[in-house]
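Okay, thanks for coming, everyone.

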Amino acid sequence: MTESIRNAVEILRAGGLVAIPTETVYGLAADATNASAVQRIFEAKGRPSTNPLIVHVADANIARRYARQWPQAAQALAERFWPGPLTLVVPRSKAIVPQVTAGLDSVGLRAPDHPLALQLLRAFDGPLAAPSANRSNRISPTTAEHVKRELGDAVGQVLDGGPCRVGIESTVLDLTRDRPAILRPGAITRDQIVAILGPVELQTAADASDRPARSPGRQPVHYAPATPAYRFASGDMPQVIAWRRTHLKKRAAFLLLHSTAAAGAVAPLINESDVLVPLPSMPVDYARELYSQLRRADALGVDALFIELPPDEAQWAAVRDRVWRATRSLSDIEQFK
Ligand code: TXA
Ligand code: MG
């Protein structure tokens, strides 16, 4: 066992917080069986206690200990996708303190696919509650540096496992309903789950914002930059250009798909003081870069960010969901004068 893992285990056993690398984003971990340790996570993040945390385990055999019921579907999915970016919501065992799940009778479990996280889980020999290691409603961290900058003082130790391979949070699948439902799309796609389970519902941030009676705490805008950020479909480029022409004193950053950024059509969009950020044309690469590019764009000190939504296709579902949550609709632009 390395010195840093040993140190992390000590901190966790004493009820402290350790930031851990995973393949998706960095997590802020605490002992999921210790109520006051879990309380510290909510305090460090400024997270409302009504938002449940994901519990990390080393493998499916350990997961079953923390599930009151471990359905056949959970076993099949864990065998296929763990360790990996898939969180399974199943009935909660009493060993997981209720603070972890915001009092819910269910718990989200996942085995992260990162060697350091797995080493730590084995050495700690217990379940680790870990939300993304960012301040509540801010952009999730994909490097140890992001965590140090944002939460450094509140964390006992930051385990540096390099930049995250996936770059956006895990797929969350609810297995406690009659029909399984994806509560948050991620790198494990609906098609991959359907291939194993049959029909699966998919809820995205876009759906949530279309719902008329929105409940507080299920606001679609989070993971957001501090700079006002607007999403737009490729077809709405003329509106963005119109904004550019009528707001000549404002500075903006444009996060565009590489293919769009390379096209001559964007020339009228970009003023001298603007910043153009091209993003990858493949969903997997786009996901890996999205949060660090958002953080960078947010730090530029520009007046607004404009983010092009990738195409409305299944392979882009998770990325579109995150862009959606990070932004407002272009129709809100009048608020920005
Ligand atoms: O990739 C990830 O999942 C990262 C890394 C660190 O593992 N973690 C993460 O955690 O994104 P967090 O806390 O930022 O997101 C957890 C989300 C909650 O907001 C909620 O939507 C869902 O997972 N969730 C967790 N437990 C749940 C439950 N029992 N029922 C329904 N949804 C749950
Ligand atoms: Mg989060």
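I'll take the sheets, then a few residues, then the ligand.

Housekeeping first. This is a predicted model, so to speak of local features we need pLDDT of at least 70, and side-chain atom pairs count only at pLDDT 80 or more, while totals for chains, interfaces and linings use all residues. Residues are numbered from 1 along each chain as its sequence is written, chains are lettered from A and ligands numbered from 1 in the order in which they are written, and side-chain values use heavy atoms, with hydrogens and water left out.

Let's start with the sheet of 10 strands. This one is open, with mixed pairing, and its order is β7-β1-β2-β6-β3-β5-β4-β8-β9-β10. At the edges stand β7 (157–158) and β10 (201–202), each with a single partner strand, so one side of each has no neighbour in the sheet. When I say strand, I mean a DSSP run of E with at least two residues; helices are runs of H or I with at least four, and both are numbered from the N terminus. Two strands pair if DSSP finds at least two bridges between them.

Now look at β4, residues 86–91. Is this strand buried or exposed? 6 of its 6 residues are buried, so β4 is largely enclosed by the rest of the structure. Buried here is under 20% relative accessible area, exposed is over 50%, and partly exposed is in between, using a 1.4 Å probe and protein chains only. On one partner, β8 (residues 171–174), β4 runs parallel with 4 bridges, and Leu88 has Leu173 as its bridge partner there. With β5, β4 pairs in the antiparallel sense, again over 4 bridges, and in that strand Leu109 is the residue opposite Leu88. β5 also pairs with β3, in parallel, through 3 bridges, where Ile54 faces Gly108 of β5.

Helix α4, residues 72–81, belongs in this part of the picture. Its buried residues include Ala74, Leu77, Ala78 and Phe81. What do they pack against? The buried residues of α4 pack against α3 (60–65), β4, β8 and α7 (190–197); contact means heavy atoms within 4.5 Å.

Then there's the other open sheet. It has 5 strands in the order β13-β12-β14-β11-β15, and the pairing is parallel. β13 (275–279) and β15 (328–329) are the edge strands, each pairing on one side only. Between β12 (residues 252–257) and β13 there are 5 bridges, and Leu257 has Leu279 as its partner in β13.

Val38 sits in helix α2, residues 35–45, and at 0% relative accessibility it counts as buried. Setting aside neighbours within four places in sequence, Val38 contacts Ala30, Asp31, Ala32, Leu53, Val97, Gln99 and Val100.

Next, Ser132, in the loop between β6 (128–129) and α6 (144–151). Ser132 counts as buried, at 14% relative accessibility. Its side chain makes a polar contact of 2.6 Å with that of Asn134. A polar contact is a pair of N or O atoms within 3.5 Å; within protein, one must be able to donate a hydrogen and the other to accept it, and residues adjacent in sequence count only if both atoms are side-chain atoms.

Arg320 is in helix α12, residues 317–326, and is buried too, at 17% relative accessibility. A polar atom of its side chain lies 2.7 Å from the backbone oxygen of Pro310.

Finally, ligand 1. Which residues come nearest? Of the 23 around it, they are Thr24, Arg47, Asn51, His56 and Ser170, where being near takes a heavy atom within 4 Å. By class, that shell has 11 nonpolar, 8 polar and 4 charged residues. Nonpolar covers Ala, Val, Leu, Ile, Met, Phe, Trp, Tyr, Cys and Pro, charged covers Asp, Glu, Lys and Arg, and the others, Gly among them, are polar. β5 gives the most to the shell, with 4 residues.

Oxygen atoms of ligand 1 lie 2.9 Å from an N or O atom in the side chain of Arg47, 3.0 Å from one in the side chain of Arg110, and 2.9 Å from a polar side-chain atom of Arg184. Taken alone, ligand 1 exposes 680 Å², and the protein buries 89% of that, with areas from the Shrake-Rupley method and a 1.4 Å probe; for residues, only the protein chains shown count as cover.

That's it from me.
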